[in-house]
Amino acid sequence: METKGTVLDIKGLTVSLPKGADRPFAIEGVSFSVGRGEIVCVVGESGSGKSVTAHTVMGLNSRKELKPVEGEILLEGENLLTKSEAELRRLRGERMAMIFQEPMTALNPVMKVGDQIAEMLEIHTSMDGAQRAARVLEVMRDVNLPEPEQLIHSYPHQLSGGQRQRIMIAMALALEPGLLIADEPTTALDVTTQAQILDLIKDIQNRHGTGVMFITHDFGVVAEIADRVVVMQEGLVVEQGAADDVLSKPEHAYTRMLIGSVPSLTPPERAPVRDAEVALEVHRLDKTYESGGWFRTGRTVKAAQQVELVVHRGETLGVVGESGSGKSTVARCIVRLVDPTAGEVRIAGENIAGLSHAAVRPYRRDVQIVFQDPYRSLNPRRTVGQAIVEGPMNFGLSHTDALARAAELMRVVGLAPEALERFPHQFSGGQRQRICIARALAMEPKVLIADEAVSALDVSVQAQVLELLDDVRKRFDLAMLFITHDLRVAAQICDRIMVMEHGLVVEQGATQQVYAEPAHPYTRALLDAAPGRDVVFGAG
Amino acid sequence: MDAKPQTDILPSGDGVPADARQEPGLLSILVLNPSIIIGGLLLAVIIAITVIGPFFTLDPVLLNPINRLKVPGADGLFGTDYLGRDVFARVIHGSRISLVVGLAVSIFAVSIGLAVGLVSGYVRVLDAIVMRIMDGLMAIPGILLAIALISLSGATLLTVVVAIMIPEIPRVVRLVRAVVLSVREEPYVEAAIAAGTRLPLILVRHVLPNTIAPMIVQATYICASAMLTEAILGFLGAGIPPEIPSWGNIMAEGRTYFQISPWIIFYPGVALAVTVLAVNTLGDGLRDTLDPRIARKM
């Protein structure tokens, strides 16, 4: 029989993969338990089977393709694997709930967030409309969302990542489940938001006694939140134990490698860039978004205000800040994916801020951008080669020449030129990001903007892509604008750091100086929020 | 440290991704679906009969008053109507009208809807205006519009096609616009803009292919509904001129004799039902296969 304190007990769980996959089982003989009021972190890189484990518990996998062939999953003593689909549906939400990594895709984009929370109550309870509305506001306050009365009328895309994740948590908690499964819930968020969400999860676990199965790849987060740690690699549990033990005395080589790959929060010594040509200059850049329609009063958001920045060739300027701090807006204004409201963007001396879309086209080759999501940055229907030659051919290069350049760049980014004929889905996330870098470089830009370009990657891959970015910066004498929420990453790659908050630049300076003596309280808050700041990583 | 970081660097030569299988062709995926096979085969048979059949039947407008209202059997597979015309010949010939109308309406409605939807989804200034016009079009009842158009410009095949097509366009526009609105936010579209790709090329290269799958599915439904509407118009006497045998016309003429010779209505009715069923089955199969959630496995 189950002890009273155990919410979830997984015993010898094996889940098979469909034929033709790279291994026969997604997970094999996985056993661990989650106690009431306990946070168990399941750590591993992508493909380690940590999400399959979570999804199998929730019954979200297609049982045809990912079939549990052995073991049992006991939720408060009941074996979930023997439940019917209808019983599982009732259990989900009432007894167990899940929050996902991508709150944008986990939320219905065409439904107001208030209605989405209310839907949970509508399905599982007999509350009437007024009670539901009251409960929605209550759970939204419970997860510290500001102005819930207004927020319930928002669509997911109108909220920041942190707010969306809070909405997800509010949905998960609406019915007070005993088990909360969090699948990389803070991976897409920046430090202060992450710290708040982690605090929120800890707080909820304290107040409601919820057992939390927390899936992450980030040892900083593990250090911050875990009571116990389960390390997974390629479908197997390679190590488990109390958090302090695993972090301080990792036994398995893989655990040691993972802990060693976490970038250090201490910036290395970097020679300052002097007397280099100015590649990018931004003066008093403003971007104001106005929403609203014919029949309602609009809302204005000042996404960027009076932003000043200069990047020299061969230099990396890091832009760090919270979600909604305006760092991506600045990048998008510089690339002219959005039109700046006011100010100057000078590329090699020429102001492109006020130019029309047609007039700005010749300058596009000078500024290139690499986006965060390697899975959406490449058109799935076009080969890697087609993606890379598109830009150069827009500017008159012949197909043969463009292809030759693409092949050369593939080597630069560490991929085989033969891979040009393949489609993006045949590559891993890290490889795709390399392809995106090659695509950007194909334009022979002066300025390369990396917009959270390594945020979606596993730590070991992240280290390699960072190395590549630093390498191409040197090799092509690029001015790099490195946008990130990850202070650890920024510490390792940036010459100078610019901190943004609510569209304003609050601090700018040499990386070492900013990290050692942050002048602005917000910078201090960011550094304090870095998860696992008390643990020394990256030494291995 | 005994574990090396997992490398994702591909050396040259054998540096091909682990998952280097070629994408299975669209065709090989489509033929795995039973609905597509059944619907497709049935439709192929119907099309074959439509194309070759008329060469082997009697003249569908040949009057033979002596052999009026004959029971199906010796004097004709499907019997004869009140003027002694062979119902079998008329049904076979009538399939041409149905298929032509179905095909023409779906092709035109999808082409026009695709163009309008692409532009209105991408060029935001036009969006509000275009969508209000589409709302207006959608508010017009299809059959009434058809009757009005035909009374204005006379009953021809073209009028019937145009009349059935107009109310279908807004549905296509809405569907395309919805796809465009989600695709335009994709980073790969932004990367194309940053690479200096011009708007028409972005639409054709990066946005349009995403609309193809839902469009094929929508086209089959439009085709089926157009064939039904055409038959309804014919039955109401507002469709193709009565001297041309179409399934609707045959049924309209047989209505008076329904009590004594039901076969005049029965056989064209069955032909219409089977054709629409074939198209819808095919459409369901295509939808199941091309649905983005399932298509990811491709």
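This report walks through some domain and helix features of a predicted model.

## Ground rules

Local features here need pLDDT of at least 70 and side-chain atom pairs count only at pLDDT 80 or more, while totals for chains, interfaces and linings use all residues. Residues are numbered from 1 along each chain as its sequence is written, with chains lettered from A and ligands numbered from 1 in the order in which they are written.

## Domains of chain A

Chain A is split into domain 1 (1–94 + 192–261), domain 2 (96–176) and domain 3 (278–529), with bounds from an automatic or database domain assignment. Between domain 1 and domain 3 of chain A, the C-alpha centres are 35 Å apart. Nine residues of domain 1 and 10 residues of domain 3 make the contact (C-beta atoms, placed from the backbone, within 7 Å).

Helices are DSSP runs (H or I, at least four residues), numbered from the N terminus. That side has three nonpolar, five polar and one charged residues; Ala, Val, Leu, Ile, Met, Phe, Trp, Tyr, Cys and Pro count as nonpolar, Asp, Glu, Lys and Arg as charged, and the others, Gly among them, as polar.

## Helix pairs in chain B

H5(B) (residues 142–153) and H6(B) (residues 157–183) pack at about 150 degrees, axes 9 Å apart. Axes are lines fitted to C-alpha atoms over the stretch in contact, and angles run from 0 to 180 degrees between N-to-C directions. Among the residues touching are B:Leu145 and B:Leu149 of H5(B) and B:Val160 and B:Ile164 of H6(B). The contact counts 10 nonpolar, three polar and no charged residues.

H2(B) (residues 34–52) and H3(B) (residues 87–122) cross at roughly 115 degrees, their axes coming within 8 Å. Here B:Ile46, B:Ile47, B:Ile49 and B:Thr50 meet B:Ile92, B:Ser95, B:Arg96 and B:Leu99. The tally is five nonpolar, two polar and one charged.

Just after H8(B), B:Gly237 has a positive phi of about 80 degrees.

Technical notes: Helices (H or I, at least four residues) and strands (E, at least two) are DSSP runs, numbered from the N terminus. Two residues are in contact if their C-beta atoms, placed from the backbone, lie within 7 Å.
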